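Morning, everyone. I have one structure to walk through today, and I will define the terms as they come up. Please have a look at it first.

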Amino acid sequence: MPSNAPLKPFVAADEAARAENVSQTTTLYGGRKASLPLHIAVVGCGLGGLAAAHALAKAGHRITILEDAPAIGEVGAGIQVSPNLSRLLIRWGLGEALEKIAVMPEGIEFRRWQSGEKLGYAAWGNQFAKEYGAPYYHIHRADFHRLLYDLTIALKDQVTLRLKSHVSSIDPETPACKLSSGETVKCDLIIGADGVKSTIREAVVGHADSPVPTGDAAYRAIVPSDKLLAHPELVELVENPRMVGWLGPGRHIMTYCIRAKKEFNMVLLHPDDGSVESWQAEGSADKMRGDFEGWDPKLQKILSFVPSTLRWKLMDRKPLDTWVHPSGKVVLLGDACHPMLPYRAQGAAMAVEDGAVLGNLFSRLSHPSQIAPLLYAYETLRLPRTAKVQASSRLNQYIFHLEDGPEQVKRDQEMRQAMHGEEGVNNPNQWADKRKTVDLMGYDADKAVDEWWAERGEKEIGKLADSGAEATRRWLQQAEARL
């Protein structure tokens with residue numbers, strides 16, 4: 001990290017963001033647990049790593065989370081929890097906590113960058129929650145992380161968290177993780193949930209594989225909602241909570257309320273001019289205001305309230321051919337295999353879905369010969385979906401940042417048409433496209449696994465358990481010897 005890029009301290013989670021005793025009261029997978037429990041090393045304690053650790057522990061496995069950082073925390077930023085994610089969190093017992101600390105937006109609205117003219121809208125709110133079986137929420141990232149942390153770490157008999165445990169390399173055949181301290185952590189399976197700069201990813205693909213700059217960077221800022229409520233022209237942004245985006249040439253801004261409408265979150269995308277690839281790098285609030293000079297006066301007013309900001313470079317990767325190491329003992333998850341640009345707000349959702357699918361699949365494990373096939377089943381279920389969402393995110397980068405001119409005029413006209421009730425298929429407001437919304441937000445990770453297992457898994461993988469109890473007993477003895 002360059003010395004001229006100071007790091008912002010972690011932000012404390014809200015006092016209501018607690019779930020210490022929830023895991024003991026929930027049952028997943030109809031009570032099914034793996035008859036062959038594994039020792040699984042999860043590399044990374046982010047949202048995806050915690051989700052995988054929780055789901056796999058509930059499936060009966062023993063988990064060691066290896067985290068590089070000396071302490072657990074998150075930066076000050078909002079995050080979006082769409083129905084495909086919230087349905088999992090509610091199933092895991094977090095519904096009550098989410099209702100206390102999250103905000104349910106009434107919809108998503110797009111505005112013109114200079115005038116604030118309304119261009120597009122798609123309704124969410126209670127009706128959306130009824131239609132998709134789960135609500136759309138906005139939440140503070142620190143609160144979300146704390147909820148998943150509480151869920152997972154409460155499973156004390158099955159989950160161990162090790163801080164200051166940087167994984168410098170892995171042995172995919174044993175398998176084992178080598179720490180920078182020199183210690184070797186042996187296990188039965190390694191899950192690489194170590195982010196966009198993943199060490200485990202390079203082991204899986206077999207060569208150095210650096211992320212590619214997108215040409216964009218982002219500022220993040222949070223403003224106390226009281227400051228908006230003191231100005232009549234801004235009150236509606238708090239009292240009628242929704243995601244509001246301003247679209248302009250080469251730039252866009254997204255805003256929404258978090259923490260029971262007590263805070264107003266802002267994400268400001270702009271051309272990169274030397275930012276740092278870090279969620280914690282502090283940016284200049286004055287430069288941020290300069291980058292959006294001439295935009296809607298309402299925005300100018302809100303930006304005047306921002307004392308400091310986070311700034312980070314947006315990096316991307318193309319979809320991999322595989323997420324599974326040839327050994328069949330190492331697999332990738334979340335940003336390590338499918339980093340999501342923020343233009344579709346699905347990064348956290350895709351990572352947590354990954355963890356949920358792994359947990360469901362591995363709740364069925366009864367024989368060592370099933371481990372690699374289950375990993376490839378996970379890849380089969382997840383890679384096409386995440387690649388599709390990655391492409392959708394990149395499309396929004398193009399749509400949102402059109403230069404003023406004929407294409408922009410056409411985009412705005414089509415957004416208005418969808419807002420006024422016309423068919424939204426392939427609309428530039430992707431949230432107004434019913435087909436895309438059903439595909440993205442109607443998804444249930446557990447249902448996807450259950451259906452796949454009934455159709456293919458039982459026949460292709462379940463039968464491998466017939467190899468016999470003696471083979472399983474020998475495998476367990478060998479696993480114990482490795483420890």
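Before that, two remarks on the source. This is a predicted model, in which local features need pLDDT of at least 70 and side-chain atom pairs count only at pLDDT 80 or more, while totals for chains, interfaces and linings use all residues. Residues are numbered from 1 along each chain as its sequence is written, and side-chain values use heavy atoms, with hydrogens and water left out.

When I say helix or strand, I mean a DSSP run, H or I of at least four residues for helices and E of at least two for strands, numbered from the N terminus.

Start with helix 12, residues 371-400. Helix 12 has 30 residues and spans 43 Å from first C-alpha to last, close to the expected 44 Å. The expected span is 1.5 Å times one less than the number of residues. Helix 12 has a kink of about 30° at Arg-382, shortly before the proline Pro-384. That bend is the angle between two fitted axes, one for the seven residues ending at the residue and one for the seven starting there.

Next is helix 13, residues 406-419, where 14 residues reach 20 Å, close to the 20 Å expected. Which residues of helix 13 are buried? They are Gln-408, Arg-411, Asp-412, Met-415 and Ala-418. These lie on the same side of helix 13, because they cover an arc of only 125° around the axis. Buried means under 20% relative accessible area, exposed is over 50%, and partly exposed is in between, with a 1.4 Å probe and protein chains only. The arc is taken from the directions from the helix axis to the C-beta atoms. Among the elements covering those buried residues are helix 12, strand 4 (107-112), strand 5 (118-123) and strand 13 (243-248). Just after helix 13, Gly-421 takes a positive phi of about 100°.

Now the strands. Two strands pair if DSSP finds at least two bridges between them. Strand 17, residues 309-316, is largely enclosed by the rest of the structure, since eight of its eight residues are buried. Strand 12 (residues 212-224) runs antiparallel to strand 17, with six bridges joining them; Ala-218 has Trp-312 as its bridge partner. Strand 16, residues 282-283, also pairs with strand 17 in the antiparallel sense, over two bridges, and Glu-282 stands opposite Leu-310.

Strand 9 (residues 176-179) pairs antiparallel with strand 8 (residues 167-171) over four bridges, and a hairpin of four residues joins the two. Ser-169 is partnered with Lys-178 there. Strand 9 also pairs antiparallel with strand 10, residues 184-186, over three bridges. That hairpin has four residues between its strands, and Gly-182 in the turn has a positive phi of about 100°.

Leaving out residues up to four places away in sequence, Thr-255 touches Arg-242, Met-243, Val-244, Trp-246, Phe-264, Asn-265 and Met-266. Contact means heavy atoms within 4.5 Å.

Last, the cysteines. Cys-187 is buried at 1% relative accessible area, and Cys-257 is buried at 1%.
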